Amino acid sequence: DKPRQGIKKQTCHFPDQGPHSQSYRFSSSCADVQVQLISKGQPNPLKNILHENETMFIVEKVPLEKEEPSHVEELQSEETAISDLSTGENVGLLALPVGRARQLIGFYTMAHNPNMTHLKLNRPVAALPPLWVRCDGSDPEGISWLGAELLSTSSSVTGVVLYMVTCRVDKNYSVNLEDLKKSHKKRHHLSTLTASGFARYELFKSTALDDIVAASQTTITLDVSWSPVDEILQTPPLSSAATLNIKVESGEPRGPLSQLHRELKFLLVLADGLRTGVTEWPESLEAKSAVELVQEFLNELNKLNEFGDSTKKDTEIVKNDAAAVDGSIECLLTVRGDLDFAEQLWCKMSSSVISYQDLVKCFTLVIQSLQHGDIQPWLHSGSCSLLSKLIHQSYHGTMDTVSLSGTVPVQMLLEIGLDKLKKDYICFFIGQELASLNHLEYFISPSVDTQEQVHRVQKLHHILEIVVSCMLFIKPQHELLFSLTQSCIKYYEQNPLDEQHIFQLPVRPTAIKDLYQNEKPQKWRVEINSGQKKVKTIWQLSDSPPVDHLNFHRPAAPLSLPPSISTCKTVVCVHIDCVRLSCLISDSLRQNSRRI
């Protein structure tokens, strides 16, 4: 019953052959297999077995076709089909018999072996990425993966490492650290060894709102490393090295930045409309129409002018409007009490405009009020928008004629939205002493075109989401928040927006000990090393099954427990050395143990 998964590894060394002059094309003479190229950074089916995240080939069985292949397809099927996972192609998890997998690994190995002169290949050949073959586990050993990884220098292939992964169910597994050390010493005939530990804690993970709204991809984990290790599942000592891993998806509907993110989304709608010529207007969030809201807003300002105390009263209206707009983020962000006329207008229109006609009518009302002198609104300095220019001209009784046609109304609203959001972000980062204007210059500069400004503001918003998520769930010291902010700023000054990027930040365990010391780790492992390359044993517990293409029978859960909870205990054991690799792996729903 015990899922035992093992990896056996063999290394064959080749003599030096000098610089390689020709690449080798890997192919199969049969049509029963397909090869997928997984690039670095893409989802890796071996993530629970190997910790490397490199480019590799994954070999699987070709799905059975329902229709007879055409003559062209028959010719093409003489070689292995190679696909790239970056295209989003989903070919399924189709495993091969072990005998066929061994044959493919043999082809791969012989092709790179300079001693195989009878193959009539031009030597030396270029090194291909590692090759891994899914196996169906039908053999007595329960093999689930076979793999081959080349060893090479800058000039030639010098060897190959062969892997074998096995898996069987075992619900009665137990191990202690001393047994692992003794086994390691006995296997390698070594007297000295060191044991280092690693633990990963899940500090935060977003959950789904309901069956319709999926959970966001926001996760915050903590990786802790230390040495020596005293016992299995030891809590990391405070002298450990620790790193936060932060991945945040913007727009969490329950988050404190939901209102600001909605404004950003509307800004993106306007930018896309200018770029493509087609604007997908969102639904209104207001009970009244945009025209009604803008007219009421102008009437209020006109009344204030009649009383001759517009500055004081206008500020009060701004504060009330700011509280209404930013109420959802006031727990973390300082509510801006200095929204100027253009920013207030943006708040009214961004939540209510649902058509181009709305846009034209609203700006027509504003321009007429300015021309007639009904309002004399105040503005922040530094704005370069067309509306700001018209308002400044109205102070002197003369205004340029503006034709509200074509893309002009969309451009006008986009400009005041950009100004408003930039000031929101500046207010937060400077108010929290996390950045200066110099730090933010790249993101708020008006010297680039409008589309690029929108893209940079979008990146700045993602930085804000990251920082606020940590403030909510980690509650770190200011020093850590400052370092995180600066790290994000530096990354986004050089890279495009990527909400799947994992930001890593070193931290002191003493600063966040309350978050993990009483929690169960998501992953825990010990690595026993003898100081020689590839001579080590790793034993690991994790909450992820080590193999995703095989199903293992699990004992039924007790009736007193929810059906999703299993009492099956599984262990992953992998042994690695420079001559061979043997391992034993087993998995469970919440507890996997793994030894390498």
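Among contacts in the protein chain between residues at least 6 apart in sequence, what percentage join residues at least 24 apart? The figure is 70%. Keep in mind that this is a predicted model. The exercises below work through the chain part by part.

**Exercise 1. Describe the chain as a whole.**

Solution. 
- Step 1: count the elements. The protein chain holds 14 helices and 17 strands.
- Step 2: look at burial. The chain has 596 residues, and 48% of them count as buried.
- Step 3: check for disulfides. Searching the whole structure gives 0 of them.

**Exercise 2. Decide whether Cys 135 and Cys 362 are buried or exposed.**

Solution. 
- Step 1: recall the cut-off. Buried means under 20% relative accessible area.
- Step 2: take Cys 135. Its relative accessibility is 0%, so Cys 135 is buried.
- Step 3: take Cys 362. Its relative accessibility is also 0%, so Cys 362 is buried.

**Exercise 3. Describe the packing of helices α7 and α8.**

Solution. 
- Step 1: know what to report. Two packed helices are described by the angle between their axes and the distance between those axes.
- Step 2: read the values. Helix α7 covers residues 341-350, and helix α8 covers residues 356-372. They pack at about 150°, and their axes are 12 Å apart.
- Step 3: name the arrangement. Angles over 145 degrees count as roughly antiparallel. Therefore α7 and α8 are roughly antiparallel to each other.
- Step 4: The crossing of α7 and α8 is right-handed.
- Step 5: name the residues in contact. From α7 come Phe 341, Leu 345 and Met 349. From α8 come Leu 359, Cys 362, Phe 363 and Val 366.

**Exercise 4. Now do the packing of α8 and α10.**

Solution. 
- Step 1: read the values. The angle is about 75°, and the axes are 9 Å apart.
- Step 2: name the arrangement. Angles of 65 to 115 degrees count as roughly perpendicular. So α8 is roughly perpendicular to α10.
- Step 3: name the residues that meet. On α8 they are Tyr 356, Leu 359, Val 360 and Phe 363. On α10 they are Pro 409, Val 410, Met 412 and Leu 413.

**Exercise 5. Explain why α7 is largely enclosed by the rest of the structure.**

Solution. 
- Step 1: count buried residues. In α7, 9 of the 10 residues are buried, so the helix is largely enclosed.
- Step 2: name them. The buried residues of α7 include Phe 341, Ala 342, Glu 343, Gln 344 and Leu 345. Trp 346, Cys 347, Met 349 and Ser 350 are buried too.
- Step 3: look at the start of α7. There, a side-chain oxygen of Asp 340 comes within 3.2 Å of the backbone nitrogen of Ala 342.

**Exercise 6. Study the backbone at Pro 228, Glu 433 and Lys 475.**

Solution. 
- Step 1: check the peptide bond. Ser 227 and Pro 228 are joined by a cis peptide bond, with omega about 0°. Pro 228 is in the loop between β10 (219-226) and β11 (241-247).
- Step 2: take Glu 433. It is not a glycine, yet its phi is positive, about 55°. Glu 433 lies in the loop between α10 (408-431) and α11. Its relative accessible area is 58%, so Glu 433 is exposed.
- Step 3: take Lys 475. This non-glycine residue has a positive phi of about 50°. Lys 475 lies in the loop between α12 and α13 (478-494). Lys 475 counts as exposed because its relative accessibility is 65%.

**Exercise 7. Work out the surroundings of Ser 445.**

Solution. 
- Step 1: Ser 445 is in the loop between α11 (437-444) and α12 (450-473).
- Step 2: find the polar contact. The side chains of Ser 445 and Ser 447 are joined by one of 2.6 Å.
- Step 3: look beyond four places in sequence. There Ser 445 contacts Lys 422 and Gln 453.

Technical notes:
Residues numbered from 1 in each chain as written. Predicted model: local features only at pLDDT ≥ 70, side-chain atom pairs only at ≥ 80, totals over all residues. Heavy atoms only, no water. Helix = DSSP H or I, 4+ residues; strand = E, 2+ residues; numbered from the N terminus. Polar contact = N/O pair within 3.5 Å; in protein donor to acceptor, adjacent residues only side chain to side chain. Contact = heavy atoms within 4.5 Å. Disulfide = S-S within 2.5 Å. Buried < 20%, exposed > 50% of the residue type's maximum accessible area, 1.4 Å probe, protein only. Axes fitted to C-alpha atoms, helices over the stretch in contact; angles between N-to-C directions. Parallel < 35°, antiparallel > 145°, perpendicular 65-115°, else oblique. Left-handed = near helix turned anticlockwise from the far one by under 90°.
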